[in-house]
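Subject: Structure handover

Hello,

Here is the structure for your files. My notes on what was found in it follow below.

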Amino acid sequence: MTEAVQNVSQSQIEVENLNLWYGEKQALKNISMQISKNSVTALIGPSGCGKSTFIRCLNRMNDLIKNCRIEGRVLIEGKDIYGPDVDAVDLRKNVGMVFQKPNPFPMSIYDNIAYGPRIHGANKKDLDGIVEQALRSAAIWEETSDRLKSPALSLSGGQQQRLCIARTLAVKPRIILFDEPTSALDPISTSRIEELIMNLKKDYTIVIVTHNMQQAARISDYTGFFLMGELIEFGQTRQIFHNPQERSTEDYITGRFG
Amino acid sequence: MGLSSKTSEKIAFSLLTLATLTVASFVLVILVYIILNGYGAISIEFLTEMPRRMMTQGGIYPAIVGTMYLIIGSMVAALPIGVIAAIYLNEYAGENRTTWLVEMAINNLAGTPSVVFGLFGLALFVKYFGFGPSILSASLTLALLILPVIIRSTKEALLTVPNEYRESSLALGVSKWQTIRYVVLPAAIPGIVTGSILSIGRVAGETAPILFTGAAYFLPRLPDSIYSQFMALPYHLFVLATAGTNIAKTRPIQYGTALVLLLIVLGLNLIAVLIRRHYRNKLKI
């Protein structure tokens with residue numbers, strides 16, 4: 001996967017004419033998009049517009065859904081992830097995902113973080129370091145360092161979500177997908193997560209689906225607006241918010257619908 | 001409607017309470033009756049000695065041992081198969097005709113009278129496989145009987161594991177089997193344990209399936225291999241109460257046997273509760 005990187009371009013993810021059907025219903029219509037390395041790309045749009053469906057194409061989580069059919073190409077670092085020789089399980093080590101609801105496993109804080117690396121064969125003596133590193137990167141080390149053995153579910157919602165981010169980081173992905181990561185959190189937890197996402201950009205390419213337009217405006221470099229399965233507009237966040245080219249984008253951003 | 005909503009509420013509540021109390025009092029009456037009548041028969045000798053004088057004296061030790069062997073034997077056979085089948089049905093099998101047929105078969109198996117299992121065990125294990133009337137034949141027959149219980153309760157337990165666990169594990173690049181092995185199964189263990197122990201209660205109490213497959217009328221020694229015949233508590237009780245040499249004289253022994261059987265089943269249920277609580281605290285759901 002890595003050799004092809006340099007000579008392709010700066011874009012780490014290239015989506016070409018992506019169509020997706022759930023049974024008879026077409027959920028994504030001819031989406032094309034290029035996502036740059038080490039940037040934050042926000043996907044906005046009303047409920048049911050396909051943004052979550054789209055993000056789940058990038059780590060092939062839609063594979064798990066019955067009757068889901070996909071056409072088109074998704075290139076990550078130059079390689080089609082729907083190609084015949086790509087293993088979805090391996091792909092997901094490189095493309096991590098954080099979900100809407102904080103969902104730590106019913107294990108200790110330590111075991112939550114160590115879960116992925118352990119299964120991927122990390123050396124036992126390296127685990128402590130991996131766990132600490134991941135928790136530090138997700139800005140939750142200070143709160144958890146003295147209680148690593150306590151159940152993860154005893155943490156607050158915001159802490160649980162940062163724990164889930166740490167759990168994803170521990171597997172060392174290059175891309176992280178966030179599917180409305182703060183919609184279940186209070187404003188203070190939300191701002192901590194936003195801060196964290198902006199810091200993570202240095203080392204990771206980030207795609208975030210959000211209902212919250214202010215959030216998209218605050219943290220993203222690029223924004224895509226989805227409506228009824230189509231990518232209506234995609235560009236630099238500043239341009240999308242200040243000078244949208246499409247009428248429906250403007251209507252949505254100014255709160256006329258959605 | 002002539003009644004005010006308050007009155008009908010009161011009537012409904014009283015009826016529901018009455019029904020519940022009736023059920024509870026029957027359980028209590030049975031329990032107290034057996035304890036009162038059986039209490040006198042229980043002693044160290046009763047629990048540790050062979051029956052003597054045509055089963056009119058002595059203990060029920062071989063029947064206790066036999067029942068224990070049946071529990072172990074049927075669990076060893078049914079638990080792995082049942083749990084694996086449930087995992088397959090819940091995690092891998094799609095919703096298609098074959099799955100539907102399999103589920104139907106399991107439900108029907110659960111509704112089959114136990115004496116039919118006994119005859120089937122006689123035909124298959126005792127005769128066809130040639131295991132003879134033995135612990136092995138009886139255990140396998142009982143295993144068939146409890147298989148649907150284990151499959152169902154394991155499936156229920158797997159269903160209660162939130163899908164988020166599966167998704168977030170898969171999203172970490174963990175394979176489906178590893179996800180089941182390290183996240184789904186541990187979270188489902190309390191439910192699986194409960195189901196299994198409830199089925200142990202069935203194994204300990206069933207008479208018909210072991211009647212044709214290896215339970216002995218009287219055997220003044222312990223079984224020495226899985227091919228031996230054995231005595232078992234429920235059948236021993238049946239024998240004493242209906243075909244014994246002196247039914248009236250052995251009344252106390254009958255109640256004593258019933259009490260021991262009851263205590264074993266209640267004890268196992270208690271263990272189930274404790275195990276479930278232990279895991280629940282550990283998982284802190």
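Helix H6 of chain B (residues 135-159) has 25 residues and spans 35 Å from first C-alpha to last, close to the 36 Å expected at 1.5 Å a residue. Helices here are DSSP runs of H or I with at least four residues, numbered from the N terminus, and the expected span is 1.5 Å times one less than the number of residues. H6(B) bends by about 40° at Ile146(B), with Pro148(B) following within four residues; the bend is the angle between axes fitted to the seven residues ending there and the seven starting there. Of its 25 residues, 19 are buried, so H6(B) is largely enclosed by the rest of the structure. Buried means under 20% relative accessible area, exposed over 50%, and partly exposed in between (1.4 Å probe, protein chains only).

This is a predicted model: local features need pLDDT of at least 70, side-chain atom pairs count only at pLDDT 80 or more, and totals for chains, interfaces and linings use all residues. Residues are numbered from 1 along each chain as its sequence is written, chains are lettered from A and ligands numbered from 1 in the order written, and side-chain values use heavy atoms, without hydrogens and water.

The whole structure holds 19 salt bridges over all chains (a side-chain nitrogen of Lys or Arg within 4 Å of a carboxyl oxygen of Asp or Glu). One of them joins Arg247(A) and Asp251(A) at 3.4 Å, N to O. Both residues lie in helix H11 of chain A, four residues apart; Arg247(A) is exposed at 58%, whereas Asp251(A) is buried at 15%.

Regards

Conventions
Helices (H or I, at least four residues) and strands (E, at least two) are DSSP runs, numbered from the N terminus.
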